[in-house]
Amino acid sequence: MTDKRQREKPLILMLDDNPVNLEELAGLVDEAGFEVLRAETGEVALVQAVAHLPDLILLDVMMPGMDGFTVCQHLKAIPSTRDIPVLFMTALADTADKLKGFQVGAVDYITKPFQYEEVLARVQTHLTLQKLKLELQEKEQRLSRIFENAMDAILTLDEAGRITLFNAAAEQMFRCKAADNIGRAVDRFLSPELYKTLVNFRNGVPPEQAIWVSEGLNAVRADESNFPIEATISRVEAIGQQLYILILRDINERKARQQAEAECNTLRGINLYLQEEVLASRDGEELIGNSPALHQAMDLVRQVANTDATVLITGETGTGKELIARAIHNLSARKDKTLVKLNCATIPENLAESELFGHEKGSFTGAIARKLGRFELADGGTLFLDEIGELPLEMQAKLLRVLQEGEFERVGGTQTLTCNVRVIAATHRDLAQFSQQGKFRADLYYRLNVFPINLPPLRERKEDVPFLVKHFIDKYAAKFGKKIQSIPERMMADLQSYFWPGNIRELQHIIERAVILTKGSQLAAVDCVNVMGAGAPTAAPIVTLDEAERAHILKALEATSWRIAGNQGAAKILGVPSTTLRSRMEKLGISKPV
């Protein structure tokens, strides 16, 4: 079967039992730029019509056997050839024969003897009409598909306000069938106020071609229940008359969809955050021990957990500040919600606002989709801001606003959002000193420091070392498939006497290395000082803890020319607040030489 869309020229089928007439007419049509199919019997014409689907058919009326009327009847009975225009060629001038031709489906007559100019004119006219008809049908079908697939209810009305189109969304909105409402007045679906608006518009008030009807008016379902809508009313002229198009949207459904979309975005954001947490997660420190210092910290955790007070956790790196934050969350009324974490030291300064508050699509280069910030993800739960001292000053002001008012905007957004978030912050910095130096906002420090919890370094809770060692041995022995039953006494003594500048995290890594090196049931001996690349050779005499600490501090001070604070100071190298270092120097009798 020939595809009409692949033809370069229109195809015309000619049926005439006179070969001379047929050849002469075919030559004329061919010279005019058309392709021609010839048939001398009705049966052959039907076969060729079905096989090639010509653009137009010329039929002789008077033929032996199957005449032109019969052929036309068969063509109109076949779905694939039903719409092909048929022109009769006849010498008959009887009006009854012409009427019969139109009755069986012909569109025109060409009277013999032919006037060739007339033949070409009629053929061209009906080909043009057929093309326009097909284009119109395609446009109507496309428009109908658009109307039917539209999510908003669409009604078209005639000048009297009767419904002429009622799409599928309208059926769903008004809970009735289109077939039951075509031709009926539209007022049954509109509240009096909305119907009055429509009547005024039809009367030219206002004179615009379209108006927007915002919230405040109602439509009426088939069961006579009212519901709020927003709508557009427009007018178009078609076939010499005014038509009115009414597009309605159910506000309740829109708000429900927006809420569902927001919830979906929140869940998607939480899921993405959790995936990132899983990918970035590492084995962390453990809150293991029985020292008074740890008990004191946990007592504070239990006291503050059931409140919504902001907590500031301070302590050296590796002391377990994140685990304290998790303990507070797990003991609080928010434990069934999400604990969201953000390390302020790991995010670039230009992305800090986006990480905290999110951004809208297109708000900056690379923002290919809306992203929810940590505050939105933590709504109803807890947000843990680790290394809060590294947050840029500009972001500190915006963070303070959220803590005080519970409001923020996404980057590139104009909508003010609210949140219910409990904030826990942590730092190894001396924020009080930072605020005095202008490196941290004093008002934010006071807002964060509502309930401070200080975690002591491991060197101040040496009695917890055996508990931590046993925990890490059990953990890594299970991980590496080993069975370790004992630890050398000398190694345990070294672990308890070591200064532990890296605190629990350093201890954890040393035990992991020792477990990896273990071949039997006794833990392999590993010198903790040498593992860190510091300290004296193993053969050096053992000194007291105060002496070791004093020597370590003096070494740091000498390396920094006795500068204590600042990025190049000894406190920075030792990983302790400058106030802590000054306190230890006073206790150990360390002073700058004259």
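Which residues point one way from β4, and which the other way? Select strand β4, residues 86-90, to find out. V86, F88 and T90 point one way, while L87 and M89 point the other way. Every one of these side chains is buried. Keep in mind throughout that this is a predicted model.

**Stop 1: β4 and its neighbours**

Stay on β4. The strand is mostly covered, with five of its five residues buried. Pick L58 and look across: its bridge partner in β4 is L87. Next, trace the chain from β3 to β4. The path goes through helix α3, residues 68-77, and this β-α-β crossover is right-handed.

In β5, the residue opposite L87 is D108.

**Stop 2: aromatic rings**

Show the aromatic side chains. The whole structure holds 14 aromatic pairs. Begin with F166 and F174. Their ring centres lie 6.1 Å apart and their planes meet at 40°, so this pair counts as tilted. F166 and F174 are both buried.

Move to F357 and F375. Here the centres are 5.7 Å apart and the planes are at 15°, so the pair is stacked. F357 belongs to helix α11 (residues 352-357) and F375 to helix α12 (residues 374-377), so the pair ties together parts 18 residues apart in sequence. Both F357 and F375 are buried.

**Stop 3: charges over rings**

Select R221 and F227. The charged end of R221 sits over the F227 ring, 3.9 Å from its centre. Then select K439 and F434. K439 lies over the face of F434, 5.3 Å from the ring centre.

**Stop 4: salt bridges**

Switch to the charged side chains. A search of the whole structure gives 26 salt bridges. Start with R410 and E360, whose side chains meet at 2.8 Å, N to O. This pair links distant parts of the chain, 50 residues apart. R410 sits in the loop between β16 (407-408) and β17 (417-418). E360 sits in the loop between β13 (358-359) and β14 (371-372).

Are R410 and E360 buried or exposed? R410 has a relative accessible area of 9%, so it counts as buried. E360 is at 17% relative accessibility and therefore also counts as buried.

Select E409 next. E409 forms a salt bridge with R401, and the closest N and O atoms are 2.8 Å apart. E409 is partly exposed, with a relative accessible area of 23%. R401 is partly exposed too, with a value of 27%.

Jump to E549 and R584. Their side chains meet in a salt bridge at 2.6 Å, N to O. E549 lies in helix α20 (residues 545-559) and R584 in helix α22 (residues 578-588), so the pair ties together parts 35 residues apart in sequence. Both E549 and R584 are buried.

Finish this stop with a group. Select E360, R370, E376 and R410: salt bridges that share partners join them into one network.

**Stop 5**

Most residues other than glycine have a negative phi, and most peptide bonds are trans.

Which peptide bond is cis? Select V205 and P206: the bond joining them is cis, with omega about 0°. P206 lies in the loop between α7 (192-202) and β8 (210-220).

Go to L53. Its phi is positive, near 45°, and the residue is not a glycine. L53 lies in the loop between α2 (42-52) and β3. L53 is buried, with a relative accessible area of 12%.

End at W562. This residue has a positive phi of about 65°, although it is not a glycine. W562 is found in the loop between α20 and α21 (570-574). At 18% relative accessibility, under the 20% limit, W562 counts as buried.

Key
Residues numbered from 1 in each chain as written. Predicted model: local features only at pLDDT ≥ 70, side-chain atom pairs only at ≥ 80, totals over all residues. Heavy atoms only, no water. Phe/Tyr/Trp six-rings, centres within 6.5 Å; stacked < 30°, edge-to-face > 60°. Buried < 20%, exposed > 50% of the residue type's maximum accessible area, 1.4 Å probe, protein only. Helix = DSSP H or I, 4+ residues; strand = E, 2+ residues; numbered from the N terminus. Lys NZ or Arg CZ within 6 Å of the ring centre and 35° of its normal. Salt bridge = Lys/Arg side-chain N within 4 Å of Asp/Glu carboxyl O. Pairing = 2+ DSSP bridges. Right-handed = clockwise from strand over helix to strand, strands pointing away.
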